Amino acid sequence: MEGLVVVNWKYSSADHNDLEYPEKDGELMKNLLVEGGYTDTVVVENKEDIAKIVKDFIENQQSPLERFHFHYSGHGIYNATVRLDKHNYTRKLTDEGFETVNATDSVSHGDCIIGTSGKLYPVVELKQDLLQLKCASWTVTLDMCRNDPGTRGSNLNVTGRTDSIRKVELRPSEPTPDCLLHRIAIIFGTSELHVARDYHSFTEMMNTVLRNNALHLPFLEISSKVNESWSQNKIKQKSKMDLVEVGDNWKNFFWPSKSPVHPLGDNLQSHYDHVLDVTQRLFHPEGELERRRLSFRAVALVSAMESLKFVLPKSFHAYSPSTDQDVQKIGSFFKSLQEKITKLETTHYKTALLMLFFDMMKKMENDIFPSQIEINDASLKATEAFNFLSDNDLEEKIKMSKIRLF
């Protein structure tokens with residue numbers, strides 16, 4: 001997976017002021033992509049001809065890609081004006097009067113990315129260029145304005161004689177092949193004909209949303225999550241998506257990472273450092289008893305981590321237990337659990353369930369924590385007890401359901 005990030009903030013064009021935050025957007029976007037698995041991510045800054053950057057990148061691509069992402073932060077425009085070349089035209093007499101046709105190959109219309117000198121790169125052409133890349137799926141995020149400020153180019157108002165007709169010959173655009181339509185998705189940082197914020201940008205809010213979801217969201221949901229966060233913060237901007245859905249193609253496309261990415265917090269890092277330290281000390285010429293003591297403590301700690309990750313995965317990632325004292329806390333948790341199950345136990349399966357649970361308690365007293373299989377066995381017995389009870393034993397069934405919840 002690869003990515004190309006283009007950010008412009010220093011503009012030589014007199015029509016465009018410098019921006020303050022695209023440089024930060026570039027850093028945020030690169031970190032998102034790299035941490036999400038886009039290990040080969042290129043960031044280019046303050047470029048005049050963005051179309052050339054994209055085309056050069058595609059030409060230099062050697063092998064097919066599974067995923068590719070393009071991001072842009074900088075000035076943008078919805079261009080609805082055309083500069084006429086008075087020296088390049090044809091004129092003929094028609095039934096409606098004289099018809100003048102100005103031909104030009106430099107017309108950029110619709111949503112456009114703006115280079116540092118003011119050169120426009122239409123999004124429709126960006127899309128066509130990206131689809132030349134050998135890739136299975138393309139994603140695009142564009143953090144730019146989509147409005148027409150009304151100060152660029154000349155308006156095409158027809159004035160003067162009614163028998164004179166002026167036309168502009170626009171460069172034709174090729175339609176996207178049907179086989180590619182559903183494989184590319186674009187998120188615009190704002191809606192049509194609206195401006196985009198520089199401060200508290202779309203890129204910044206998207207970064208916050210994705211990190212709150214472990215860098216693992218269906219691409220289809222990103223825009224709505226960003227808009228929801230903006231609304232909660234009373235920010236008047238709405239992002240919008242442009243994609244083609246075929247079944248669940250984008251609902252099942254998680255981005256930027258295919259699987260959740262949980263950052264290593266300080267506590268969790270300390271846990272691994274502690275286990276590493278204990279392991280290293282095992283090879284130090286110490287007494288046999290000390291080596292055994294350290295070994296049991298290290299094994300107990302790792303076992304506790306694995307057990308708690310299975311029983312309470314969300315709490316584990318939020319709390320990140322790290323020390324020997326936390327092993328005792330985990331032991332206390334299971335002992336408290338034992339007391340609750342004892343109170344809820346039914347007479348039908350009392351022996352089987354309690355034997356399994358007391359066996360787990362005995363192991364914990366010897367610094368051996370229950371495995372996932374043992375916990376599954378206890379849950380299975382509770383399920384069997386639930387199914388064994390008749391419908392008349394409603395109170396007993398409720399108790400057994402509570403055991404399974406534990």
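Which residue stands opposite Ile 186 in β13? In this predicted model, the residue opposite Ile 186 is Asp 242.

1. **The chain as a whole.** The secondary structure of the protein chain comes to 13 helices and 14 strands. The chain has 406 residues, and 42% of them count as buried. If you take the contacts between residues at least 6 apart in sequence, 76% of them join residues at least 24 apart.

2. **The sheet.** An open sheet is built from six strands, and its order reads β2-β1-β3-β9-β11-β13 with mixed pairing. At the edges sit β2 (40–45) and β13 (240–242), each of which pairs on one side only. From one strand to the next, the twist averages 15°.

3. **Back to the opening pair.** Strand β11, which covers residues 184–188, pairs with β13 in the antiparallel sense, and three bridges join the two. The facing residues Ile 186 and Asp 242 turn up again in point 5.

4. **Two helices on the sheet.** Helix α3 (residues 123–130) packs on the sheet and touches β3 (65–73), β9 (135–143), β11 and β13. Its direction makes about 155° with that of β9. Helix α5 (residues 202–212) also packs on the sheet, where it touches β3, β9 and β11. For α5, the angle with the direction of β9 is about 125°.

5. **A lysine worth a look.** Lys 127 lies in helix α3. Is Lys 127 buried or exposed? Lys 127 counts as buried because its relative accessibility is 18%, and the cut-off for buried is under 20%. Not counting residues up to four places away in sequence, Lys 127 touches Thr 176, Ile 184, Ile 186 and Asp 242. That list includes both members of the facing pair, Ile 186 and Asp 242. Lys 127 and Trp 138 are 11 residues apart in sequence, and their C-alpha atoms are 9.3 Å apart in space.

6. **The nonpolar core.** The largest nonpolar core has 58 residues, and the members that touch the most others are Phe 68, Phe 70, Leu 142 and Trp 255. As general background, nonpolar side chains tend to be buried together in soluble globular proteins. What is Leu 142 in contact with, leaving aside its neighbours within four places in sequence? Its partners are Phe 70, Tyr 72, Ile 113, Val 123, Leu 126, Ile 186, Ile 187, Phe 188 and Gly 189. **Salt bridges within reach of solvent.** The structure holds eight salt bridges. In one of them, Lys 119 pairs with Asp 49, and the closest N and O atoms are 3.0 Å apart. The pair links distant parts of the chain: Lys 119 is in the loop between β7 (110–114) and β8 (120–122), while Asp 49 is in the loop between β2 and α2 (50–60), 70 residues apart. Lys 119 is partly exposed at 44% relative accessible area, and Asp 49 is partly exposed at 25%. A second bridge joins Lys 52 and Asp 56, with the closest N and O atoms 2.8 Å apart. Both residues lie in helix α2, four residues apart, about one turn of the helix. Lys 52 is partly exposed at 47%, as is Asp 56 at 28%.

7. **A buried salt bridge.** Asp 111 and Arg 146 meet through their side chains in a salt bridge, at 2.9 Å from N to O. Asp 111 lies in strand β7 and Arg 146 in the loop between β9 and β10 (164–169), so the bridge ties together parts that are 35 residues apart in sequence. Asp 111 counts as buried at 14% relative accessibility, and Arg 146 is buried at 4%.

8. Ser 191 has its place in the loop between β11 and α5, and counts as buried at 16% relative accessibility. Its side chain reaches the backbone oxygen of Lys 238 at 3.0 Å. Not counting residues up to four places away in sequence, Ser 191 touches Arg 146, Lys 238, Ser 239 and Lys 240.

Technical notes
Residues numbered from 1 in each chain as written. Predicted model: local features only at pLDDT ≥ 70, side-chain atom pairs only at ≥ 80, totals over all residues. Heavy atoms only, no water. Pairing = 2+ DSSP bridges. Axes fitted to C-alpha atoms, helices over the stretch in contact; angles between N-to-C directions. Contact = heavy atoms within 4.5 Å. Core = buried A, V, L, I, M, F, W, Y, C linked by side-chain atoms within 4.5 Å. Buried < 20%, exposed > 50% of the residue type's maximum accessible area, 1.4 Å probe, protein only. Salt bridge = Lys/Arg side-chain N within 4 Å of Asp/Glu carboxyl O. Polar contact = N/O pair within 3.5 Å; in protein donor to acceptor, adjacent residues only side chain to side chain.
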